[in-house]
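Here is a short report for someone meeting this structure for the first time. Please read it alongside the chain itself.

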Amino acid sequence: ELAQVPSEQKAAWEKYTVPEGNDVDSIARSIVHHTTTTLARTPYNMDDFGGYQATAHSVRDKLIQDWNETQQVRYGWYHTIKDPKRVYYLSLEFLLGRAMDNALLARGLKEPYTEATKQLGFKIEDLLEEERDAALGNGGLGRLAACYMDSLATLDYPAWGYGLRYTYGIFQQKIVDGYQNEVPDYWLTYDNPWELPRLDISIEVPFYGHVSKYSDENGRTRHKWEAGEIVQAVAYDVPIPGFDTNNTINIRFWSSKPRKEFDLAYFNSGDYNRAVEDQKKAENITSVLYPNDNHMVGKELRLKQQYFWVCASLHDILRRFKKTDRPWSEFPDQVAIQLNDTHPTLAVPELMRVLVDLEGLEWDEAWNITTRTFGFTNHTVLPEALEKWSVPMLEHLLPRHLQIIFDINLYFLQTVEKSFPNDRDLLATVSIIEESQPQSVRMAFLAVIASHKVNGVAALHSQIIKDTIFAPFIKVLGPDRFTNKTNGITPRRWLHQANPDLSNLIAKKLGSFKFLKELSLLDGLSKYANDAAFQKEWMDIKYKNKVRLTNLIKERTGIEVNPNALFDIQVKRIHEYKRQFMNILGVIHRYAKLKKMNAAQRKEVVPRVVIFGGKAAPGYYIAKLVIKLINSVGEKVNNDKDIGDLLKVVFIPDYNVSVAEVIIPANDISQHISTAGTEASGTSNMKFVLNGGLILGTVDGANIEIYEEIGDDQIFLFGARSEQVEDLRHVQRYRNVPMNPELQAVIHLIENGTFGEPHIFQPLINTITVGKDYYLISVDFGSYLESNDLVDEAFKDKKAWAQKSILCTARMGKFSSDRAIKEYAEDIWNIDVS
Ligand code: BZD
């Protein structure tokens with residue numbers, strides 16, 4: 001806010017504003033400076049962790065300067081000259097992973113930092129390994145938000161993210177006796193150099209209480225919510241650097257704190273303990289990330305998290321808008337808000353409450369503003385994942401919001417009634433309120449009705465939501481509200497950072513690193529796909545990456561694998577719909593087959609390492625049993641001398657973003673084998689193929705669009721199609737269909753104790769037998785095994801495989817998150833680059 005400084009002092013400010021140099025000397029100096037001041041350590045007691053911290057603070061200084069430049073000068077937030085329309089991405093999860101390497105690469109500072117840290121006696125790779133992941137997310141949805149932030153920054157969009165600063169991120173997974181154990185992720189033990197506490201920015205968030213009515217000066221009935229509890233939201237900002245641009249955007253994470261004012265009533269009555277108790281309760285709100293992906297948990301604390309976050313974020317946005325003195329009607333021209341799934345849907349009644357109750361707007365005008373502001377992204381059709389909040393719980397926690405939701409529903413149903421008179425069924429189907437016991441609020445319906453655009457995350461998924469969960473809304477709202485935005489991934493992290501050798505080779509071949517910002521340029525590799533020398537360079541890098549993973553596997557599991565084997569990888573959250581169970585059943589089939597082979601037959605076998613990774617929700621019993629089965633099968637197979645390197649089974653514990661960066665570049669093939677129609681998109685499929693891997697997958701989510709891009713020589717698709725699933729389930733349920741015989745044989749092996757105490761796995765087997773195989777493992781098993789055989793055949797032809805691998809990477813241009821973000825910006829947000 002230099003503008004407010006008197007001119008004499010302004011000169012002084014300018015005189016003393018000396019930009020930090022990016023040369024090795026300046027960098028080394030800043031690292032030493034942070035060692036002795038920020039860390040209060042000396043060169044005599046430094047270790048790698050200290051080296052990381054000092055280096056991180058040095059990098060952070062640079063990000064803060066760029067952040068200031070972006071926020072104050074470029075966006076003109078203190079000048080109101082430019083003041084562009086902004087987009088706010090509301091996500092309850094941001095799965096950012098590590099920041100330091102990403103920042104160094106984004107700013108082109110990897111080399112001088114490597115050199116400076118070397119001069120101080122460190123190896124930069126060791127320092128980078130000291131950083132803990134920021135793991136404030138469950139899986140795909142949270143990682144997508146992180147990739148989108150990267151693209152928004154890189155493409156120079158004026159954007160902010162809003163999230164919660166959980167004290168505990170997603171739990172750490174330990175494997176004990178083959179079972180998953182959860183360890184709390186207290187990631188803030190040491191200070192977090194990547195966040196800027198903004199203790200001066202805080203917002204009061206009300207809860208509970210009651211609503212009263214009064215007449216305003218115009219005789220209009222108005223509502224006033226008198227809260228029963230108020231909690232303070234304090235801002236922590238995390239700068240997100242764009243790649244090869246100084247644009248540095250912000251994610252504002254809210255942390256709950258007790259109010260500044262102590263509850264004097266308790267305090268004065270001498271009940272000091274009670275007063276302190278209440279303070280502690282406030283901090284609970286942002287204490288822990290709910291560890292369930294694709295599953296709704298109807299706990300009050302979760303609802304509190306959602307409102308706490310939405311309320312703070314919205315008031316922050318409104319405060320910024322109000323500074324510009326524009327009329328409310330211009331709010332949607334200045335502000336776009338994207339709802340990442342239904343988790344932030346309370347922003348809808350909250351914006352209505354502010355506009356109607358606090359600002360005195362008429363309902364219709366407020367509603368018009370609201371619908372022009374919001375966009376809504378759906379990420380799932382699984383019924384158990386769709387958010388429904390109980391009406392009594394909402395009424396208790398947020399009494400005014402419940403009234404507003406009922407009013408939104410009333411006005412909406414009135415318009416439906418007008419267009420479709422006497423269709424009571426239709427009214428019940430589209431009602432935001434479900435007439436269950438007790439009643440509940442269908443958050444997805446509220447989000448659809450309140451947003452000008454609703455999108456799915458891959459073409460098939462966007463079609464399915466129109467045909468199923470939102471079908472009646474096509475009739476009522478018209479088809480234009482619904483659109484597709486196929487997901488994308490950032491090539492900066494998922495190619496350049498995770499696979500630097502490959503990125504360098506590509507740059508050498510294409511003449512520059514431009515492909516990192518214009519991913520379709522990768523197509524230029526196609527013409528070398530058949531070039532023997534290039535194939536060798538390409539596959540040498542793949543081999544090196546496999547050795548790197550081999551070392552990680554040895555370190556984390558003790559298992560030794562052969563990097564020449566085919567690396568077959570399935571890493572993702574453990575879920576029945578993702579069918580890791582089918583994968584391990586396939587492995588058992590392979591094992592049984594190998595056991596029956598003679599020496600000559602074994603000579604022909606392609607050695608395979610089957611690699612699993614992923615967390616199960618702590619309360620998801622069946623998913624946890626799948627982990628146990630994988631480890632039991634591994635135990636048996638890996639110690640079978642008769643099998644040796646022909647088959648290895650590995651479960652890598654504690655799969656997270658930084659481990660993914662090692663796993664993904666080492667894949668020959670990866671599995672994405674959800675029951676058709678259940679995986680909305682998938683994004684790791686894109687990461688694997690971008691790194692030159694082939695896919696073994698079902699005709700589901702983004703697999704389909706990947707197939708369309710890379711061609712059927714590069715992908716092994718199998719299994720039932722989504723249109724068939726409903727009928728197939730019906731058949732499984734009501735007709736006595738015999739189980740696939742190969743599957744039957746595999747299950748027999750489990751049941752006869754080949755992999756340890758069989759009774760342990762009975763509940764798992766029951767999901768197929770007693771449970772009528774909802775995810776259609778028996779139906780798809782035959783074609784799954786056939787596709788696996790095709791993979792083996794293909795892998796035998798090394799030259800052809802190298803060509804396929806190159807073509808995979810070359811044809812992945814579409815799946816950059818830059819492409820996705822540009823589509824959102826154009827079709828949904830209506831924003832330009834700043
Ligand atoms: O979102 C995932 C989908 O399952 C993937 O198919 C898709 O690619 C990604 C990104 O669009 N959904 C989730 O990850 N969902 C959750 O993690 C989640 C978390 C809490 C509550 C509900 C769902």
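Two strands pair if DSSP finds at least two bridges between them. Helices (H or I, at least four residues) and strands (E, at least two) are DSSP runs, numbered from the N terminus. This is a predicted model, in which local features need pLDDT of at least 70, side-chain atom pairs count only at pLDDT 80 or more, and totals for chains, interfaces and linings use all residues. Residues are numbered from 1 along each chain as its sequence is written.

Angles run from 0 to 180 degrees between N-to-C directions, and axes are lines fitted to C-alpha atoms, for helices over the stretch in contact.

Within this sheet, β19 and β22 run parallel. Ile-569 has Ser-670 in β22 as its bridge partner. Contact here means that the C-beta atoms of two residues, placed from the backbone, lie within 7 Å.

**The nine-stranded sheet**

A second open sheet is built from nine strands, with mixed pairing. Their order is β7-β10-β11-β4-β1-β12-β13-β17-β18. Which strands stand at the edges? They are β7 (196-207) and β18 (482-484). Each has a single partner strand, so one side of each lacks a neighbour in the sheet. The twist averages 25° from one strand to the next. β1 and β4 run parallel in this sheet, and Val-87 stands opposite Ala-159 in β4.

| Pair | Residues | Direction | Bridges |
|---|---|---|---|
| β1 and β4 | 86-90 and 159-164 | parallel | four |
| β5 and β6 | 168-176 and 179-186 | antiparallel | seven |
| β19 and β22 | 566-571 and 669-672 | parallel | two |

β5 and β6 form a hairpin with two residues between them. Gln-173 stands opposite Glu-182 in β6. In the turn, Asp-177 has a positive phi of about 55°.

Helix α2 (residues 24-36) packs against helix α3 (residues 48-74) at an angle of about 120°. Their axes are 8 Å apart. The crossing of α2 past α3 is right-handed. A crossing is left-handed if the near helix is turned anticlockwise from the far one by less than a right angle, and right-handed if clockwise.

From α2, the contact is made by Ile-27, Ser-30, Ile-31, His-34 and Thr-35. From α3 come Gly-50, Ala-54, Thr-55, His-57, Ser-58 and Asp-61. These residues divide into three nonpolar, seven polar and one charged. For such counts, Ala, Val, Leu, Ile, Met, Phe, Trp, Tyr, Cys and Pro are nonpolar, Asp, Glu, Lys and Arg are charged, and the others, Gly among them, are polar.

Most residues other than glycine have a negative phi, and most peptide bonds are trans. Ala-40 has a positive phi, near 55°. Ala-40 is found in the loop between α2 and α3. A cis peptide bond joins Gln-437 and Pro-438, with omega about -5°. Pro-438 is in the loop between β15 (433-434) and β16 (440-442).

**The whole chain**

The chain holds 34 helices and 24 strands. Its domains are domain 1 (1-83 + 99-130), domain 2 (85-95 + 133-387 + 443-486) and domain 3 (491-809). These bounds come from an automatic or database domain assignment. The C-alpha centres of domain 1 and domain 3 lie 41 Å apart. Four residues of domain 1 are in contact with four residues of domain 3. On the domain 1 side, these are two nonpolar, one polar and one charged.

The C-alpha atoms fill a box of roughly 95 × 75 × 60 Å along the principal axes. The chain has a radius of gyration of 28 Å, which agrees with the value near 28 Å for a compact globule of 834 residues. That radius is taken over C-alpha atoms, and the globule rule is 2.2 Å times the number of residues to the power 0.38.
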